[in-house]
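Here are some short notes for a first look at this structure. Please read them with the model open beside you.

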Amino acid sequence: MKLSRESEYALDGLAYLARRKPGTVLPLRAIARARGLPPVFLAKIFRRLTRAGLLTSHRGGRRGYALARPPQAVSVKEVVEAVEGADVFRRCVFWSNRCSDDHPCLLHDLWKTVRPQVVEMMASLTLEDVARGGLEEALRASRSRHRAAAR
C-alpha cells in the first residue's frame, strides 16, 4: 500500500478546491499554478477523480473542475482508492511485490493485523480535515471523532 505522488497531488488539488466557496469551478491550470503542480499530470489525476464521482468537470464559459460533494462528505480513503485502485488497501505495505494470504511476505501477518486500523483512519479522515489543517491536524480531528463515537 505504498501511495504514489498521484495521491499526494490529488489530495493537494482537492484540498485547494475544498478551501473555496461551495460550487466554485476553477480551471485546472489555475489549480496547478496555485499549488505548484504539473498541469498535464494533474489533468490525468483529475480525470480519475471525475470518473470516481469526486469532481465534476465543466465545459464552456465555466470551464474547470468543482467538488462533486461537500468536503466533509469525501473521505481520504475514497480519494486514495480513486487514484491508486480499489485494491490499494490490500497491497503489501512493506515491499513493492504483492503478497497475499496464499503467498505471504515475511511481515504479512503484522500488516494484516494493522491494516483495518489504517483503513478506518483513512475512511474517517475527510477532505475538509485535510483542507483545514494539513495531515497532522486532520489526524488529530479524526482521532477525536473516533473517540467521541466510541463513547
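1. Start at the end of helix 4. Glycine 85 follows this helix, and its phi is positive, near 110°. Keep in mind that this is a predicted model.

2. Now look at helix 4 itself, residues 76-84. Which of its residues are buried? They are Val76, Val79, Val80, Val83 and Glu84. Seen down the helix axis, the buried residues fall within an arc of 105°, so they line one face of helix 4.

3. Take valine 79 from that set. Leaving aside residues up to four places away in sequence, valine 79 touches Ala10, Leu11, Leu14, Leu49, Leu54 and Val74.

4. Next, the core. The largest nonpolar core has 36 residues. Val79 is among the members that touch the most others, along with Leu17, Phe46, Leu49 and Leu55. At least two core residues come from each of helix 1 (5-18), helix 2 (28-35), helix 3 (39-51), strand 2 (64-67), helix 4, helix 5 and helix 6 (127-150). Helix 1 gives the most, with eight residues. In soluble globular proteins, nonpolar side chains tend to be buried together.

5. Then turn to the surface. Val93, Phe94, Trp95, Leu106, Leu107 and Leu110 form a nonpolar patch there. Together they have about 570 Å² of accessible area.

6. Where is leucine 107 placed? Leucine 107 sits in the loop between helix 4 and helix 5 (108-124). Its relative accessibility is 33%, so leucine 107 counts as partly exposed; that class lies between buried, under 20%, and exposed, over 50%.

Key:
Residues numbered from 1 in each chain as written. Predicted model: local features only at pLDDT ≥ 70, side-chain atom pairs only at ≥ 80, totals over all residues. Heavy atoms only, no water. Buried < 20%, exposed > 50% of the residue type's maximum accessible area, 1.4 Å probe, protein only. Helix = DSSP H or I, 4+ residues; strand = E, 2+ residues; numbered from the N terminus. Arc of directions from axis to C-beta. Patch = residues over 30% accessible without salt bridge, like charges linked within 9 Å, V, L, I, M, F, W, Y side chains within 5 Å. Areas by Shrake-Rupley, 256 points an atom, 1.4 Å probe, with all protein chains shown as cover. Salt bridge = Lys/Arg side-chain N within 4 Å of Asp/Glu carboxyl O. Core = buried A, V, L, I, M, F, W, Y, C linked by side-chain atoms within 4.5 Å. Contact = heavy atoms within 4.5 Å.
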